[in-house]
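Me: I have a structure open and would like to learn how to read some of its features. Please take them one at a time.

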Amino acid sequence: MAADLDVINLFIIAGGTLAIPILAFVASVLLWPSALIKVYYWYWRRTLGLQVRYADCGGYRFCYSYRGKPGMRPSILMLHGFSAHKDTWLTVVKYLPKHLHIVCVDMPGHEGTTRTNTEDYSIQGQVRRIHQFVEAIRLNRKPFHLVGTSMGGNVAGVYAACYPSEICSMTLICPDGIRHPCETKFDNHLQDLEHSNYTLNIPLIPTTPEEMEDMFRLCSHVRFKIPQQILQGLVDVREPHNTFYQEVFMELVGEKSRYALQEHLHLITAPLQVIWGKQDQVMDVSGATVISEVLPGCRMDLLENCGHSVAMERPCRTAKLILEFIIVQQEARGGTKKSS
């Protein structure tokens, strides 16, 4: 009987020990979903071998993650989109070879990178800051491959036009900054915003779980089932930054930045790859035609059943396309050297 009681007590103790972390997890999901999201990103960075570092440039600090060291293949610098962060690329990095040197930076004012009230968040202003970052970590010791999506694509294209010697090749994913011939659902929202003098809510700056869900529907053709608690957590994470996002948004739709990429296309000399979701409701895929008319030698990869959030909707395909393009360009350069 005493032995039976010992066994029962053992089960009670074991059950209690297991119950504590389980209850803590459930409580974190229900009460602190934003904390769970941060832990999620930390876990995936660690799993994928990415390390977070900071680079200081005269009182300005960049936060970035990286994996690998410079080698035979070009280093890859990845620029995320509006109101996102360096961890946006985790889904794509997962499918890239571990020996590649990959750098994902928080764009100016975003996440862990310095934010100041006097900062110029126009596309040209962001290009200047990213160049500071590149010089600070000495990424431009040899030409690197530049990847940018949405706002980051606009910045990447202008960067390549301004600093051509630093770029060996580049990939633009659904880039902002193009006057695309066909209107999108987001263009209609933008017109409504302009008519209201920007008093209406901006679809890319959600303030409730319902608005967050609407933003996912706008940005993604693939329908993801996201629990209400996670949607609330995403809102909680973003809400303290919404004033900043509004400031950046107004810069992006302003005269200096709205079509910055298109205005600089003719200055891009690096081999260019364009990846675009055919069902993009934010930046219409017809923008790819505009780019190819100015740069007819660029490679076009248009993805079926894919929207604006290409890195989230087609991460494996995106990684494969980028790697293929880098290898082809490297082999072409090697062939040129041999023939000369």
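Me: Which residue's side chain meets that of lysine 86 in a salt bridge?

Reply: First, a caution: this is a predicted model. The partner of lysine 86 is aspartate 106, with 2.9 Å from N to O.

Me: Are lysine 86 and aspartate 106 buried or exposed?

Reply: Both lysine 86 and aspartate 106 are buried.

Me: How many salt bridges are there in total?

Reply: The count is 12 salt bridges. One of them joins the side chains of arginine 45 and aspartate 87, at 2.7 Å from N to O. This pair links distant parts of the chain, 42 residues apart: arginine 45 belongs to helix α2 (residues 33-48), and aspartate 87 to the loop between β3 (76-79) and α3 (90-93).

Me: Why do arginine 45 and aspartate 87 count as buried?

Reply: The cut-off for buried is under 20% relative accessible area. Arginine 45 counts as buried because its relative accessibility is 14%. Aspartate 87 is buried too, because its relative accessible area is 5%.

Me: Which residues are linked in a network of salt bridges?

Reply: Asp120, Arg128 and Lys256 are linked in such a network. Within it, arginine 128 forms a salt bridge with aspartate 120, and their closest N and O atoms are 3.0 Å apart. Arginine 128 has 46% relative accessibility and therefore counts as partly exposed. Aspartate 120, at 22%, is also partly exposed.

Me: How should I read a helix, and which residues of helix α7 are buried?

Reply: An α-helix has 3.6 residues a turn, so residues three or four places apart point the same way. Helix α7 covers residues 209-219, and its buried residues are Pro209, Met212, Met215, Phe216, Leu218 and Cys219. Among the elements that cover these buried residues are α6 (185-195), α8 (228-238) and α12.

Me: Now a single residue. Where does histidine 308 lie, and what does histidine 308 touch?

Reply: Histidine 308 lies in the loop between β8 (299-303) and α12 (310-313). With 8% relative accessibility, histidine 308 counts as buried. Setting aside residues up to four places away in sequence, histidine 308 touches Ser150, Cys174, Cys219, Asp280, Val282, Met283 and Glu313. With aspartate 280 there is a polar contact between the side chains, at 2.8 Å.

Me: Where is the place of serine 150?

Reply: Serine 150 sits in the loop between β5 (144-149) and α5 (151-162). Serine 150 counts as buried, at 13% relative accessibility. Apart from neighbours within four places in sequence, serine 150 is in contact with Gly81, Ile173, Cys174, Pro175, Asp176 and His308.

Me: Last, how far apart are glutamine 281 and glutamate 183 in sequence and in space?

Reply: Glutamine 281 and glutamate 183 are 98 residues apart in sequence and 8.6 Å apart in space, from C-alpha to C-alpha. Glutamine 281 is in the loop between β7 (272-277) and α11 (287-294). Leaving out neighbours within four places in sequence, the contacts of glutamine 281 are Thr184, Lys185, Phe186, Arg217 and Leu218. Glutamine 281 is partly exposed, with a relative accessible area of 23%.

Terms used: Residues numbered from 1 in each chain as written. Predicted model: local features only at pLDDT ≥ 70, side-chain atom pairs only at ≥ 80, totals over all residues. Heavy atoms only, no water. Salt bridge = Lys/Arg side-chain N within 4 Å of Asp/Glu carboxyl O. Helix = DSSP H or I, 4+ residues; strand = E, 2+ residues; numbered from the N terminus. Buried < 20%, exposed > 50% of the residue type's maximum accessible area, 1.4 Å probe, protein only. Polar contact = N/O pair within 3.5 Å; in protein donor to acceptor, adjacent residues only side chain to side chain. Contact = heavy atoms within 4.5 Å.
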